[in-house]
Amino acid sequence: MRVRKIVIPLAALGLLSVPATAGAAFVHVVAPGESLSSIAAADGLTVQRLAAANGLPPTAELTAGSQLVIPPQSGGESEGEAAAPEGEVATPEGEAATPAAEGDHDHDGDDGGSEGEAAAPVAQSGDGDEDGDDGAAGAVSTSSAASAAEGEGSTSAATSQPVGAAAEGSPGSPPFPTAQTVSPEQVASIAAANGVPPSLANAIADMESGFNNELVSSADARGVMQITPGTWEWIDRELAGAAPLAPASALENVRGGVLLLRSLLQATGGNQSLAAAGYYQGLPSVLQNGMYPSTRQYVSDVEALEQRFGGG
């Protein structure tokens, strides 16, 4: 998979601009002459951890004026962390992260999507923790921060998107699968109405379920957009506004996923690749740990599907 340099506009991530010593991610503007190694040393990080948090290879050269996400120092990183093989993300233990557990996400859209960090589903059905199992792999802050998103109050996916047990929620809670399918045209209409690129929303819907609202993954993600109960509750409470989500509607399942995508795009300055990574892995995890290998594959597959749906 190709490696893309991810540059996140400072204004869009101003909500993260607190010191790393406070245990939160923030944005650093690259000064002339700075390198990954010099910035990592100044912030108490390894080059591998800093590069992974920004989707860059450890040998990447930086451009003055670009921005880097500086992950928090509290990610469990130990002195002497070993570099992961090129193309993989180093875990806090310095070992290469393994892909998410097989079987919970089918990139052909025949099975439930997987979005995960730490223990469990984030938005969809993920098992994508660093060990490839369902064990907890580090806490991620779920506190709300100021958002630039109009109509979203103080909620930002960068800090408050559920992960782990919070995303998993209660098995008896919505959304509820129904024997319905939706069309790409319907998905595109909902996406456009909410300011999300239709090609991105269609790529996610196809990737996650093949447009099938009856699908339930092994991690209990449900519907067209494969949303877990805990994340559905968060979307309904924080993102849906005055129009609550209807829990047994295929089109409302699409709207829930689109609202999440909108929040992810707003938190990443419109970076569609990083938003797709956040949809799969959870944006708080991406910012703290970098993209896991399975996340990189997911993003690559979504980008390919976007082309089929007219994406530029």
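Reader: Which residues of helix 6 are buried?

Author: This is a predicted model. Ser 199, Leu 200, Ala 201, Asn 202, Ala 203, Ile 204, Ala 205, Asp 206, Met 207, Glu 208 and Ser 209 are the buried residues of helix 6. That makes eleven of its twelve residues, and helix 6 is mostly covered.

Reader: How do I read that list against the geometry of a helix?

Author: Start with the general idea. An α-helix has 3.6 residues a turn, so residues three or four places apart point the same way. Now the case here. Eleven of the twelve residues of helix 6 are buried.

Reader: What covers the buried residues of helix 6?

Author: The cover includes helix 5 (184-193), helix 8 (250-267), helix 9 and helix 11.

Reader: What span should helix 6 have, and what span does the model give?

Author: Count 1.5 Å a residue. The twelve residues of helix 6 should then span 16 Å. The end C-alpha atoms of helix 6 are 16 Å apart, which agrees.

Reader: What follows helix 6?

Author: Gly 210 follows, and its phi is positive, near 65°.

Reader: Let us turn to aromatic pairs. How many does a search of the whole structure find?

Author: Two. Read each pair by ring-centre distance and plane angle. Planes over 60 degrees apart count as edge-to-face. The ring centres of Phe 211 and Phe 309 are 6.1 Å apart and their planes lie at 70°, so this pair is edge-to-face.

Reader: Where in the chain do Phe 211 and Phe 309 sit?

Author: In distant parts, 98 residues apart. Phe 211 is in the loop between helix 6 (198-209) and helix 7 (229-239). Phe 309 is in the segment after helix 11 (293-308).

Reader: Is Phe 211 buried or exposed?

Author: Under 20% relative accessible area means buried. Phe 211 has 9%, so Phe 211 counts as buried. Phe 309 has 24% and is partly exposed.

Reader: Why is the pair of Tyr 280 and Tyr 298 classed as tilted?

Author: Stacked needs planes under 30 degrees apart, and edge-to-face needs over 60; the rest are tilted. The planes of Tyr 280 and Tyr 298 are at 40°, with ring centres 4.4 Å apart, so the pair is tilted. Tyr 280 is in helix 9 (residues 272-281) and Tyr 298 is in helix 11, 18 residues apart. Tyr 280 is buried at 3% relative accessibility. Tyr 298 is buried too, with a relative accessible area of 0%.

Reader: Now polar side chains. With which side chain does that of Asn 213 make a polar contact?

Author: With the side chain of Thr 178, at 2.7 Å. Asn 213 lies in the loop between helix 6 and helix 7. At 1% relative accessibility, Asn 213 counts as buried. Beyond four places in sequence, Asn 213 touches several residues, including Phe 176, Pro 177, Gln 180, Val 224 and Asn 253.

Reader: Which side chain does Glu 303 join through a polar contact?

Author: That of Ser 273, at 2.5 Å. Glu 303 is in helix 11. Its relative accessibility is 10%, so Glu 303 counts as buried.

Reader: Which members of the largest nonpolar core touch the most other members?

Author: Ile 204, Met 225, Ile 235, Leu 261, Tyr 279, Leu 283 and Val 302, out of 47 residues. Several helices supply at least two residues each, among them helix 3 (157-160), helix 6, helix 10 (283-289) and helix 11. Helix 8 gives the largest share, nine residues.

Reader: Which residues does Val 302 contact, leaving aside neighbours within four places in sequence?

Author: Leu 200, Ala 203, Ile 204, Met 207 and Ala 276. Gln 67 is in strand 2 (residues 67-70). Gln 67 is buried, at 14% relative accessible area.

Reader: And the chain overall: how many helices and strands does the protein chain have?

Author: Eleven helices and four strands. Of its 312 residues, 56% are buried. Take contacts between residues at least 6 apart in sequence: 64% join residues at least 24 apart. The chain exposes about 11600 Å², and carbon and sulfur atoms supply 52% of that area.

Terms used: Residues numbered from 1 in each chain as written. Predicted model: local features only at pLDDT ≥ 70, side-chain atom pairs only at ≥ 80, totals over all residues. Heavy atoms only, no water. Phe/Tyr/Trp six-rings, centres within 6.5 Å; stacked < 30°, edge-to-face > 60°. Buried < 20%, exposed > 50% of the residue type's maximum accessible area, 1.4 Å probe, protein only. Expected span 1.5 Å × (residues − 1). Contact = heavy atoms within 4.5 Å. Polar contact = N/O pair within 3.5 Å; in protein donor to acceptor, adjacent residues only side chain to side chain. Areas by Shrake-Rupley, 256 points an atom, 1.4 Å probe, with all protein chains shown as cover. Core = buried A, V, L, I, M, F, W, Y, C linked by side-chain atoms within 4.5 Å.
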